[in-house]
Every structure is written in structure tokens, then in C-alpha cells.
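This report goes through one protein chain, from a single side chain to the overall fold. Please keep the sequence and the structure at hand while reading.

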Amino acid sequence: MPTAFSSVLLDVPRAAAIWLALLGLAVVAVAGLVARPDLFRSVIGGRIRAAAMPSLLEEAAEERARRRYADEVATAAERAAATARRMRAEWLSAQEEVEAAWQTYEAAEADVRRLSATTALPRPHTERTPAEYADRERYLHRAALDAYWRRELSEEQLSDVFAHRNGWDPRLHPVDQELVLRRAVRDHLRARQEAARDREQAAWQAAEQAAVAARSLRDEAFAATAPAKQEQASLLPGVTDEPSPGVEQTREMPAVARPAPTVARGRAAVPA
């Protein structure tokens, strides 16, 4: 026991010296961190970020995938823009058709009002003979055929004329027959104007939807082609590259892509 205890006592000074050396190194390291905290942030934080960031091969693969996606979105945006232009042209054509149909209907309505005013005047006296009735029937058929070839009567109305139904009476006076014909023309033109208006509304909605789709794809293509700037989060709390509170930092605002100007006519606002 005295021999073992004496050997242990001989090693105590050596162990104490080692512990004192380690304690001194720790004190020096802590003092260095307190004096220069940015050294630990820049060196240790950089190594941690470098280990967390993807490798060069992974970055190259991601870049190829991003470019391929950007090309696909750009192609889809071009096609959507072409579709939007075609839809807008169809809508403008439908709008012009509505305007022309309305003007034609207004002219037919004016004819009806003009002829209605003449019904108060006395009719020229004609003898009611079979020959007179045959002349009136031929006049009615000829006038109806002329209106049909001018697209002022429908096929159903022309069939009613030759079948002498739905108010078509060949025995009426030519003035009364003309009034009946003008009213039928007015009704047909009004129906055609309403159908043109329905087509114009459908074309407007289609143009609006195509414009929204083209604008969305254009924004997506711009976002895909813009350089992606991603911030790497620090893995350790307090290990960042932010400047010290005493240093003023300025940052320029990135340019915001403005949407393309729109050309509005009527109700729709479709990108030019």
C-alpha cells in the first residue's frame, strides 16, 4: 500500500500540469471568441453551410431541370398568348356582328312604324275577283322570296307564307300584306340580333378566360426564368453572416415586372 500510494503521488503533479494546460487553452479560446466573435461566425458558419449546401453535380442537375421547366412554361405561355389573341379577334368580330344586327333591326322597326302609320289611310279600291286574289298571292310569294334571299326571313317563316298559316293571308290588300311582311322581317331580325348577342357574350367570356390563363403562364414563365435566390438557413443559433448592429446596411429593391398593357373595348380587357 505505501508503494502504490507513493507511485500515485508521483503522478499527481504531472496530471495537474496537463489539466492546467487544458484550462489555459480553454481560457484563451473563450477570450478569443469574446474579442473577435466574427471569426467563429465566418469560419465555423462557413464550414457548416458548405457541408449543408448541395454538391456541384446536384446543382448542375437542378439547373438543367429548372431550365427545362422554364422552356416548357415559356412555350405554354406563347401558345396561351396566341390563343388569347385569337379569342379576342373572335370576340371583336362577334361584337361587330351584334352592332350590324342591331342596326338592321332598327331599320326594320322604322319600316314597321312607317307602314303602321299608313294603315289609317283609305285603301285603293280594287275589285275582289279571282284574278285580283291571284295577283295578291303572287305578290305575297314574290315579296316573301325576296326577303328570304336577303336573309330577312327564316325557312320556317317562308314555309308559313306558302302554306298560308300564322297570319299569312294572300287575300289581304297589298298594303296589309306588306305590313305583315315587315313585321315578320322585324321579328326575325330581332331574333337574329339576340342570337348574335349571346354569341358575343360567350366569345367575351372565352376571351377573358384565355387572357387570364395567358397572364398566369406569362408570370410563371418569368418566375421560372428569373434567377432563384435562396437563403441558406444557419444550422446553429447565432451563426449568421448578418453584420453587427452598429453597421448600417442598405439594400436595393428588385425591379418588379409590370404586366403587359391591356386594350379594352366594350367589357373585356384582353392583353394586346
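Which residues does Gln-177 touch, not counting residues up to four places away in sequence? The section below takes up this point for what is a predicted model.

## Gln-177 and Pro-174

Gln-177 is part of helix H6. With a relative accessible area of 2%, Gln-177 is buried, because the cut-off for burial is under 20%. Leaving out residues up to four places away in sequence, Gln-177 touches Arg-136, Tyr-139, Leu-140, Asp-169, Pro-170, Arg-171 and Leu-172. A polar atom of the Gln-177 side chain lies 2.7 Å from the backbone oxygen of Pro-170.

Pro-174 also has its place in helix H6. Its relative accessibility is 28%, so Pro-174 counts as partly exposed. Pro-174 touches Arg-136 and Tyr-139, again not counting residues up to four places away in sequence. Between Pro-174 and Tyr-139 there are 35 residues of sequence separation, while their C-alpha atoms are 7.6 Å apart.

## Helix H5 and its two faces

Helix H5 covers residues 155–163, and Gln-157, Leu-158, Asp-160 and Val-161 are buried in it. These residues lie on the same side of H5, because they cover an arc of only 155° around the axis. The buried residues of H5 pack against helix H4 (130–149) and helix H6 (174–225).

The face of H5 turned away from the buried side carries Glu-155 and Glu-156, which are exposed. After H5 comes His-164, which has a positive phi near 60°.

## Salt bridges

Side chains of opposite charge can pair when their charged atoms come close. The structure holds 16 salt bridges. One of them joins the side chains of Glu-97 and Arg-199, at 2.5 Å from N to O. Glu-97 lies in helix H3 (residues 56–118) and Arg-199 in helix H6, so this pair ties together parts that are 102 residues apart in sequence. Both ends are partly exposed: Glu-97 has a relative accessibility of 38%, and Arg-199 has a relative accessible area of 41%.

Glu-109 and Arg-113 meet in a salt bridge of 3.7 Å, N to O. The two residues both lie in helix H3, four residues apart, which is about one turn of the helix. Glu-109 counts as buried, at 18% relative accessibility. Another salt bridge is formed by Arg-182 and Glu-152, with the closest N and O atoms 3.6 Å apart. Arg-182 lies in helix H6 and Glu-152 in the loop between H4 and H5, so the pair ties together parts that are 30 residues apart in sequence. Arg-182 and Glu-152 are both buried. Salt bridges that share partners also join Glu-109, Arg-113, Arg-186, Asp-187 and Arg-190 into one network.

## A nonpolar patch on the surface

Ile-18, Trp-19, Leu-22 and Leu-25 make a nonpolar surface patch of about 490 Å². Trp-19 is found in helix H1 (residues 2–35). Its relative accessibility is 64%, so Trp-19 counts as exposed.

## The chain as a whole

The protein has six helices and two strands. From the N terminus on, the elements run α-α-α-α-α-α-β-β. Of its 272 residues, 21% count as buried.

The accessible surface comes to about 19800 Å², and 59% of that belongs to carbon and sulfur atoms. Among contacts between residues at least 6 apart in sequence, 78% join residues at least 24 apart.

Notes
Residues are numbered from 1 along each chain as its sequence is written. This is a predicted model: local features need pLDDT of at least 70, side-chain atom pairs count only at pLDDT 80 or more; totals for chains, interfaces and linings use all residues. Side-chain values use heavy atoms; hydrogens and water are left out. Patches are made of residues with over 30% relative accessible area and no salt bridge: like charges are joined within 9 Å, nonpolar side chains (Val, Leu, Ile, Met, Phe, Trp, Tyr) within 5 Å. Accessible areas come from the Shrake-Rupley method with a 1.4 Å probe; for residues, only the protein chains shown count as cover. A salt bridge is a side-chain nitrogen of Lys or Arg within 4 Å of a carboxyl oxygen of Asp or Glu. Buried means under 20% relative accessible area, exposed over 50%, partly exposed in between (1.4 Å probe, protein chains only). The arc is that of the directions from the helix axis to the C-beta atoms. Contact means heavy atoms within 4.5 Å. A polar contact is a pair of N or O atoms within 3.5 Å; within protein, one must be able to donate a hydrogen and the other to accept it, and residues adjacent in sequence count only if both atoms are side-chain atoms.
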